[in-house]
Amino acid sequence: MKIYKVALLFSLSNSTFLFADKDSAVVNAKAVYNEKCTKCHTSTVYTREDHTITSFSSLKIRVKACAKNAVKEDWNEELVDSVSKYLDHEYYKFPSN
Ligand code: HEC
């Protein structure tokens, strides 16, 4: 019985951790974006009629390029991906995602 309780407790706390981790990736992307990416352009750069980004993969390339060239930071794949997902979700809404 005691072992069972410990196992249950472990599995519960483990799933809570997974949820918290998933949420924090989104919260983190938004926070990083708001802090580092809003100095030069506002959201109109994504929504203007002739915006240059037309797919999720080109969005990721642009996000990485802006991080590197404009913000002067070398972002890892995970951060590029989560900020791209955030921008896609908020503005671009590409059909495949
Ligand atoms: C130093 C200024 C500067 C900063 C800081 C900056 N950008 Fe940019 N960004 C630009 C310029 C300039 C363009 C090109 C605008 C144009 O084509 O008129 C651009 C364009 C973009 C586009 C393409 C918009 C489109 O669909 O046409 C995306 C996406 C983008 N930036 C994302 C980011 C992200 C993410 C960050 C934070 C890592 C960031 N930018 C930070 C200057 C900046």
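Lys93 is exposed, with 9 other C-beta atoms within 10 Å. Exposure here follows a count of C-beta atoms placed from the backbone: a residue is buried if 20 or more others lie within 10 Å of its own, exposed if 12 or fewer, and partly exposed in between. Lys93 lies in the segment after helix 4. Its phi is positive, about 55 degrees, although Lys93 is not a glycine. Most residues other than glycine have a negative phi.

The model is predicted; local features need pLDDT of at least 70, side-chain atom pairs count only at pLDDT 80 or more, and totals for chains, interfaces and linings use all residues. Residues are numbered from 1 along each chain as its sequence is written.

The chain contains four helices and zero strands. Helices (H or I, at least four residues) and strands (E, at least two) are DSSP runs, numbered from the N terminus. Along the sequence the pattern reads α-α-α-α. Of the 97 residues in the chain, 12% are buried. Among contacts with a separation of 6 or more, 68% join residues 24 or more positions apart. Two residues are in contact if their C-beta atoms, placed from the backbone, lie within 7 Å.

A ligand is surrounded by 19 residues. Residues count as near a molecule if their C-beta atom, placed from the backbone, lies within 6 Å of it. The closest are Cys37, Cys40, His51, Cys66 and Ala70. Helix 2 (44-47), helix 3 (56-70) and helix 4 (77-92) each give two or more residues to this shell. Helix 3 supplies the largest share, six residues. By class, the shell holds 13 nonpolar, three polar and three charged residues. Ala, Val, Leu, Ile, Met, Phe, Trp, Tyr, Cys and Pro count as nonpolar; Asp, Glu, Lys and Arg count as charged; the others, Gly among them, count as polar.

The largest nonpolar core has nine residues in all. They are Ala29, Ile53, Leu59, Val63, Ala67, Val80, Val83, Tyr86 and Leu87. Such a core is a set of buried Ala, Val, Leu, Ile, Met, Phe, Trp, Tyr and Cys residues joined through C-beta atoms within 7 Å. Helix 3 and helix 4 are the elements that give two or more residues to this core. The largest share, four residues, comes from helix 4. In soluble globular proteins, nonpolar side chains tend to be buried together. Ala29 is a member of the core. Leaving aside neighbours within four places in sequence, Ala29 is in contact with Ser82, Val83, Lys85 and Tyr86.

The expected span is 1.5 Å times one less than the number of residues. Leu59, Val63 and Ala67 are the buried residues of helix 3. Seen down the helix axis, these residues fall within an arc of 70 degrees, so they line one face of helix 3. The arc is that of the directions from the helix axis to the C-beta atoms. An α-helix has 3.6 residues a turn, so residues three or four places apart point the same way. On the other side of helix 3, Ser57, Ala65 and Asn69 are exposed. The cover over the buried residues of helix 3 includes helix 4.

Lys72 lies in the loop between helix 3 and helix 4. With 8 C-beta neighbours inside 10 Å, Lys72 counts as exposed. Lys72 is not a glycine, yet its phi is positive, about 65 degrees.

Helix 4 spans only 20 Å between its end C-alpha atoms, whereas a straight helix of 16 residues would span 22 Å at 1.5 Å a residue. Its buried residues are Val80, Ser82, Val83, Ser84, Tyr86, Leu87 and Asp88. Asp88 counts as buried because it has 20 C-beta neighbours inside 10 Å. The C-alpha atoms of Asp88 and Leu59 are separated by 8.2 Å, although the two residues are 29 apart along the chain.

Lys36 lies in helix 1 (residues 2-36). With 16 C-beta neighbours inside 10 Å, Lys36 counts as partly exposed. Lys36 and Ala67 are 31 residues apart in sequence and 8.4 Å apart in space, C-alpha to C-alpha.
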